[in-house]
Amino acid sequence: MLFFTCTHDALQRALRAATAARRPLVLRELLASRGETAFAAALSPCSGRVIVDALSMLARQESDGVLRLLSDDAQARQRSTCDGARAHLSQEAALTRPSLQGMLVWSRHA
């Protein structure tokens, strides 16, 4: 059990470091060498932001496989982070969208 805990902790630290450093090749190598189950188990206790970032750096098929194996709590954190990011982006876009008030629009009719 101690061996599993040590290797699990090492994998989790490696996942966090690779995610923070934006190293998708390292994440893919960790996934390939440890497998989806171990990768998902190490990713499950992480914050929603770390989960979203890590999955975004994997190929679609890889991230789908890992996402299926995440704990229910981790999946909920991931969804919550994605929903929050979408809401923030749409709010930010509305705030930064230029106003059309006072603009003339010319169009050509054939």
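Student: Which residues of helix 4 are buried?

Tutor: In this predicted model, the buried residues of helix 4 are Gly48, Val50, Ile51, Val52, Asp53, Ala54 and Leu55. Since that makes seven of the nine residues of the helix, helix 4 is largely enclosed by the rest of the structure.

Student: OK, and what does the chain look like overall, how many helices and strands?

Tutor: The chain has six helices and zero strands, so its elements, read from the N terminus, run α-α-α-α-α-α. Of its 110 residues, 30% are buried, and the chain exposes about 7,900 Å², of which carbon and sulfur atoms supply 58%.

Student: What share of the contacts with a separation of 6 or more comes from residues 24 or more positions apart?

Tutor: Such pairs account for 67% of those contacts. One example is serine 44 with leucine 70, which are 26 residues apart along the chain while their C-alpha atoms are separated by 5.6 Å.

Student: Where does serine 44 sit, and is it buried or exposed?

Tutor: Serine 44 is found in the loop between helix 3 and helix 4, and it counts as buried because its relative accessible area is 11%, under the 20% cut-off. Leaving aside neighbours within four places in sequence, serine 44 is in contact with Ile51, Leu70, Ser71, Ala74 and Arg77.

Student: Let's switch to the core. How many residues does the largest nonpolar core have?

Tutor: The largest nonpolar core has 20 residues, and those with the most contacts inside it are Leu15, Leu27, Phe39, Leu43 and Val66. Helix 1, helix 2, helix 3 and helix 4 each supply at least two residues of this core. As general background, nonpolar side chains tend to be buried together in soluble globular proteins.

Student: What does phenylalanine 39 touch?

Tutor: Not counting residues up to four places away in sequence, phenylalanine 39 touches Leu11, Leu15, Leu27, Leu30, Leu31, Leu58 and Val66. Leucine 31, one of those partners, is found in helix 2 and is buried, with a relative accessible area of 8%.

Student: What else does leucine 31 touch?

Tutor: With the same exclusion of residues up to four places away, leucine 31 touches Glu36, Phe39, Leu58, Glu62 and Val66. Leucine 31 and valine 66 are 35 residues apart in sequence, and their C-alpha atoms are 8.9 Å apart in space.

Student: New topic: which residues line the largest pocket?

Tutor: The lining consists of Val52, Leu55, Ser56, Arg60, Ser63, Asp64, Leu67, Gln78 and Cys82. The elements that give two or more residues to that lining are helix 4, helix 5 and helix 6, and helix 5 gives the most, with four residues. The volume of the pocket is about 150 Å³, and by class its lining has four nonpolar, three polar and two charged residues.

Student: Is serine 63 buried or exposed?

Tutor: Serine 63, which is in helix 5, is buried, with a relative accessible area of 11%. Beyond its neighbours within four places in sequence, serine 63 is in contact with Leu55 and Leu58.

Student: Why does threonine 81 count as buried?

Tutor: Threonine 81 has a relative accessible area of 19%, and it counts as buried because the cut-off is under 20%. Threonine 81 is placed in helix 6, and, leaving aside neighbours within four places in sequence, is in contact with Gly48, Arg49 and Val52.

Student: Last one: what is the phi of arginine 22?

Tutor: Arginine 22 has a positive phi of about 55 degrees although it is not a glycine. For context, most residues other than glycine have a negative phi. Arginine 22 lies in the loop between helix 1 and helix 2 and, at 48% relative accessibility, counts as partly exposed.

Definitions and conventions
Residues are numbered from 1 along each chain as its sequence is written. This is a predicted model: local features need pLDDT of at least 70, side-chain atom pairs count only at pLDDT 80 or more; totals for chains, interfaces and linings use all residues. Side-chain values use heavy atoms; hydrogens and water are left out. On a 1 Å grid over the protein atoms alone, a cavity is a set of points where a 1.4 Å probe fits but cannot get out, and a pocket is an open set with protein on both sides within 12 Å along at least five of seven lines; lining residues have an atom within 4 Å of a point. Grid points are joined across faces, edges and corners, and a volume is the space filled by probe spheres set on the points. Ala, Val, Leu, Ile, Met, Phe, Trp, Tyr, Cys and Pro count as nonpolar, Asp, Glu, Lys and Arg as charged, and the others, Gly among them, as polar. A nonpolar core is a set of buried Ala, Val, Leu, Ile, Met, Phe, Trp, Tyr and Cys residues joined through side-chain atoms within 4.5 Å. Buried means under 20% relative accessible area, exposed over 50%, partly exposed in between (1.4 Å probe, protein chains only). Contact means heavy atoms within 4.5 Å. Accessible areas come from the Shrake-Rupley method with a 1.4 Å probe; for residues, only the protein chains shown count as cover.
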